[in-house]
Amino acid sequence: MNTMIPAVTAEPVISEGYAATRKKKRAKIDWKQVGLATLLIAPNLLLLILFTYRPLIDNIRISFYNWNISSPNMTFVGLQNYISWFQAPETPQVVWNTVVFTFFAVAGSMVIGLLLAILLDQKLVGRAAVRSMVFAPYVIAGAAIGVAFQFVFDPRYGLIQYFLTLLNIPVPNFYQQSGWALFMITVTYIWKNVGYVFVIYLAALQGRRADLDEASEIDGTSPIRHFFRVVLPQMRGTTFFLLITVLLNSFQVFDIINAMTRGGPFTYGTTTMVFQVYTETFVNNRAGYGAAVATIMFVVVLIITVAQLKLQERLDK
């Protein structure tokens, strides 16, 4: 009678002492490296805590109080500042101004910056000087540019008025019509910040893969098809980066509006949320109300930024 003997699988035998030694090695921490990393990170982290995170938390705390900024006394009102903002008659106008300005400022900066980068990436005479001129406005103070563009858009003596008169086109009053006033500050903002987008896109164009360009050229791909199928996909990460940074910058624009229109005409003609924060806090002395508007704006920007990052992660997979 045959007896079936079960097969025995041989397994490597590792002594307990060897396993413990390996575990100790894995658990060993290089405290010198930790100390060095802490020493390098600490100054920046301290600055972030003092000038970013602490003011943010303090702003959220103040938003629950009724506080005249010139008085040391604060009265707790809970969510009343938020309720008042959502119920205020000027809120739809302020939100509309913010959305319209942000959309066209971001879209205009991205499109014009990309087109300039493509143009000045070509071998042209004097392109280095032109690149410098395109980028120069970005490093100029927004208030100075706002004052300069007041003369450009002046309905009687401005540069725009001069050219429109030559073409027999009626000259709009940029300072008395809300729509044209919003157009004016949007164009001014784009002119100032397009250099930033231009430089980032130019770096991305110069860093793209040459072998893909050569393969596209060998295949006889048309320039437009080559751009959309070969060049643009390589700049997807750059585009998402610019979308986030330009969006954040446009949300925070204050100096140009303050220099050119001070939120007018007609009180809220060009008032955005960030300008309303300034007006309520330092003009109307309602620091709690202004802090509530700033907190709402922070939440909106945070949601948009997280959504963009999630979208980028999904596209990268």
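View 1. Asn-168 is exposed, with a relative accessible area of 70%; exposed here means over 50% relative accessible area, buried means under 20%, and partly exposed falls in between (1.4 Å probe, protein chains only). Asn-168 sits in the loop between helix H7 (159-166) and H8. Helices (H or I, at least four residues) and strands (E, at least two) are DSSP runs, numbered from the N terminus. The phi of Asn-168 is near 60 degrees, a positive value in a residue other than glycine. A word on the model: it is a predicted one, where local features need pLDDT of at least 70, side-chain atom pairs count only at pLDDT 80 or more, and totals for chains, interfaces and linings use all residues. Residues are numbered from 1 along each chain as its sequence is written, and side-chain values use heavy atoms, with hydrogens and water left out.

View 2. Arg-262 is found in the loop between H12 and H13. Arg-262 has a positive phi of about 55 degrees, although it is not a glycine, and it is exposed, with a relative accessible area of 59%. Pro-265 also lies in the loop between helix H12 (255-260) and helix H13 (273-283). The peptide bond that joins Gly-264 and Pro-265 is cis, with omega at about 5 degrees.

View 3. The structure holds 18 aromatic pairs. The rings of Phe-135 and Tyr-138 have their centres 5.7 Å apart and their planes at 45 degrees, so this pair is tilted. Rings of Phe, Tyr and Trp (its six-membered ring) pair if their centres lie within 6.5 Å; planes under 30 degrees apart count as stacked, over 60 as edge-to-face, and the rest as tilted. Phe-135 is partly exposed at 30% relative accessibility, and Tyr-138 is partly exposed at 28%. Then come Trp-180 and Phe-183: their ring centres are 5.5 Å apart and their planes are at 85 degrees, so the pair is edge-to-face. Both Trp-180 and Phe-183 lie in helix H8 (residues 178-206), three residues apart, about one turn of the helix. Trp-180 counts as partly exposed at 37% relative accessibility, and Phe-183 is partly exposed too, at 40%. Ring pairs link Phe-149, Phe-153, Phe-174, Trp-180, Phe-183 and Trp-191 into a cluster.

**View 4. An arginine over a tyrosine ring.** Arg-286 lies over the face of Tyr-289, at 4.1 Å from the ring centre. A charge sits over a ring if NZ of Lys or CZ of Arg is within 6 Å of the ring centre and within 35 degrees of the ring normal.

View 5. The largest pocket has a volume of about 780 Å³. Of the 27 residues that line the largest pocket, the closest to its centre are Leu-56, Asn-59, Ala-294, Met-297 and Phe-298. On a 1 Å grid over the protein atoms alone, a pocket is an open set of points with protein on both sides within 12 Å along at least five of seven lines, while a cavity is a set of points where a 1.4 Å probe fits but cannot get out; lining residues have an atom within 4 Å of a point. Grid points are joined across faces, edges and corners, and a volume is the space filled by probe spheres set on the points. Helix H2 (31-62), H11, H13 and helix H14 (287-316) each supply at least two residues of the lining of the largest pocket, and H14 gives the most, with 10 residues. By class, the lining of the largest pocket has 19 nonpolar, seven polar and one charged residues. Ala, Val, Leu, Ile, Met, Phe, Trp, Tyr, Cys and Pro count as nonpolar, Asp, Glu, Lys and Arg as charged, and the others, Gly among them, as polar.

**View 6. The second largest pocket and H10.** This second largest pocket has a volume of about 240 Å³. Among the residues lining it are Asp-121, Arg-208, His-226 and Phe-227. H10 provides the largest share of the lining of the second largest pocket, four residues.

**View 7. The largest cavity.** A search of the whole structure finds one cavity of 30 Å³ or more. The lining of the largest cavity includes Ser-109, Tyr-189, Asn-193 and Asn-249. H8 gives the most to the lining of the largest cavity, with four residues.
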